[in-house]
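Hi everyone, thanks for coming.

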Amino acid sequence: MISRRKLIGTLGLGASGLILSGCDRLDRSASFRGLLRSAEGLTMRAQRLVTDRIALAREFSEADMSPVFRSNGTANPGTEAYAAHAAAGFRDWRLRIDGAVRRPMELSMAQIRAMPARTQITRHDCVEGWSAIGKWHGVPLKLLIDAAGLHDSARYIVFHCADRFGDRPYYESIDLVDALHPQTILAWGMNDALLPIPNGAPLRLRVERQLGYKHAKYVERIEAVADLAALHGGKGGYWEDVADYEWNAGI
Amino acid sequence: MAGDKADDPVAGTLVRRHRLATRIWHWFNAVTVFVMLMSGLMIFNAHPRLYWGQYGANSDPAWLEIRGTQRQGFLRVGNVQVETTGVLGYWRDADGRIQRRAFPGWATIPSRYSLSGARRWHLAFAWLLAAGLIAFAASSLANRHLQRDLLPGRGELGPRHLWRDIADHARLRYPTGEKALHYSTLQKLAYSGVIIFLLPILILTGLTMSPGMDAAWPWLVDLFGGRQSARSIHFIAAALTALFILVHLVQLILSGPFNGLRSMITGRYRVPGPKEVDA
């Protein structure tokens, strides 16, 4: 009896070791990763199926706000050009809107701040697991998109940012369902003040039904495109290109 | 646990015990739950702190935290802190390097730190876990396996009956003959608790981690008292699932691993006679 128990114990330990190294080997295999990734498409389609196109993310009251809203990723782009903009109170910052649009344009911060604005107190969920509730103030992205006028070919909106990780610029992209959503805004105010530098001054994206890495900070250019493959690493965002995060950050 | 054909089982005979659906789901889960738990620990490593309420980040009070200092690892739950050097918060990886992540590489998928990798495993296998649970629950309701074999019957939850069951378990006195073909009350509570409570809670709290699902079904995150509460409950339910598996494996070894494994693979179970435990 003892020998059988020992045998089973040894087999069990051996099996778990094999399974673990097997999982690591599977994780390195491109075809297995592709298989796992096919679930990403399923997840996104299933979410879209059960989610009303304009279903709103929960909005909170001021009493629900986090005492401290931490920043993540870049706390300051740190370039000379950005430092000069910051020193000038972003007076000369320009937001360029181009790509597959009928009327490419450049807007100053004064022009953007003069546009109709939306205020929302929402929960920011980081892919790491933490959440913070903050108040955002900014122009609905739909107003900017409508002003520029999308070409029929446009499928995605890409946000080009002033911050870099190593030699790569940060960028992110969303599709038109999220881009035209009423809570998707380019925020220039946070918690009743102008957007602070660690949180993306002077302009950051709020796309409230997606995880934090989609919420591009230091936005200097919005580009409408038909396809994401030609941009940078081709996967539609900095973290998607560099660390294989999902393009759909709705989960 | 189909004891139908064994009205009067003789010790030593082989009887049909587990249905095909039960056996398939068991081994399917042996893989799926294993992947979910271990990839979940890696996801936890990205932010090894738990909170109650709607929000929670580094400057907010955490009720559970695993952290590594210069030379030690610690687990803190509420005001109680225990040193976990070597296992949690401070451990050596396969290459002998000191790591200060919460859970060690031997407990996570992948074994090296990768939040995106763990998410890919976790979010793909979550579909399998949910599909398996729904299929098993539907078939078990239809063929009355759940009502007949898994839910405690009337009278089984009375204090005297429960106490005797607990005492039998504590003395490692396992049933023989006909009685061995039915689950004991504690077994029923454990199995039905996992199927009816733990797994559904894990799946539903898992869904509330998704900002997209929270917009679609805001009532779900309310049900658990906010996203960070839901994340805490997700972790607690996962810990209880791991505890269930541990007890399950210990019980298997104590009650006769060969007979138990055979019955879960072939469906056939040798009826244990008096004074024999292992087959």
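This is a predicted model: local features need pLDDT of at least 70, side-chain atom pairs count only at pLDDT 80 or more; totals for chains, interfaces and linings use all residues.

Residues are numbered from 1 along each chain as its sequence is written, and chains are lettered from A and ligands numbered from 1 in the order in which they are written.

Let's begin with chain A. Its domain assignment gives domain 1 (2–47) and domain 2 (57–243); such bounds come from an automatic or database domain assignment. The C-alpha centres of domain 1 of chain A and domain 2 of chain A are 38 Å apart.

Now to the strands. When I say helix or strand, I mean DSSP runs, numbered from the N terminus: H or I over at least four residues for helices, E over at least two for strands. Two strands pair if DSSP finds at least two bridges between them.

In chain A, 5 strands form an open sheet with mixed pairing, in the order β2-β1-β10-β5-β6. At its edges are β2 (105–108) and β6 (168–175) of chain A, each pairing on one side only. On average, neighbouring strands of this sheet are turned by 20 degrees against each other, direction ignored. β1(A) and β2(A) are antiparallel and share 4 bridges; A:R96 has A:E106 in β2(A) as its bridge partner.

Next, please find strand β7 of chain A, residues 185–190. How many of its residues are buried? The count is 5 of 6, so to speak a mostly covered strand, where buried means that 20 or more other C-beta atoms lie within 10 Å of a residue's own, exposed means 12 or fewer, and partly exposed is in between, with C-beta atoms placed from the backbone.

And what does β7(A) pair with? Strand β4 (residues 131–140) of chain A runs antiparallel to β7(A), with 5 bridges joining them, and A:H137 is partnered with A:G189 there. Strand β9 (residues 204–206) of chain A is also antiparallel to β7(A), through 3 bridges, and here A:L186 stands opposite A:L205. Then there is β8 (residues 193–194) of chain A, again antiparallel, with 2 bridges to β7(A); A:G189 stands opposite A:L194 in this case. β7(A) and β8(A) make a hairpin with 2 residues between them, and A:N191 in the turn has a positive phi of about 50 degrees.

One glycine to point out is A:G89, in the loop between α3 (80–87) and β1 (94–99) of chain A. Why does A:G89 count as exposed? Because 12 other C-beta atoms lie within 10 Å of A:G89. A:G89 and A:P202 are 113 residues apart in sequence, yet 8.6 Å apart in space, C-alpha to C-alpha.

On to where the chains meet. Here 43 residues of chain A are in contact with 37 residues of chain B, contact meaning that two C-beta atoms, placed from the backbone, lie within 7 Å. On the chain A side, α1 (2–28), α2 (30–50), β3 (118–125) and β4 each give two or more residues, and α2(A) gives the most, with 8. That side has 20 nonpolar, 8 polar and 15 charged residues; Ala, Val, Leu, Ile, Met, Phe, Trp, Tyr, Cys and Pro count as nonpolar, Asp, Glu, Lys and Arg as charged, and the others, Gly among them, as polar.

Finally, chain B. This chain has 9 helices and 8 strands, and 37% of its 279 residues count as buried. Its domain assignment gives domain 1 (14–57 + 108–270) and domain 2 (58–102), with 27 Å between their C-alpha centres. Each of these domains puts 11 residues into their contact.

For a helix pair, look at α2 (residues 115–142) and α5 (residues 185–208) of chain B: their axes are 11 Å apart, at an angle of about 145 degrees. Axes are lines fitted to C-alpha atoms, for helices over the stretch in contact, and angles run from 0 to 180 degrees between N-to-C directions. Among the residues making this contact are B:L129 and B:L133 of α2(B) and B:L199 and B:I203 of α5(B). By class, this contact has 8 nonpolar, 1 polar and no charged residues.

That's my tour, thank you!
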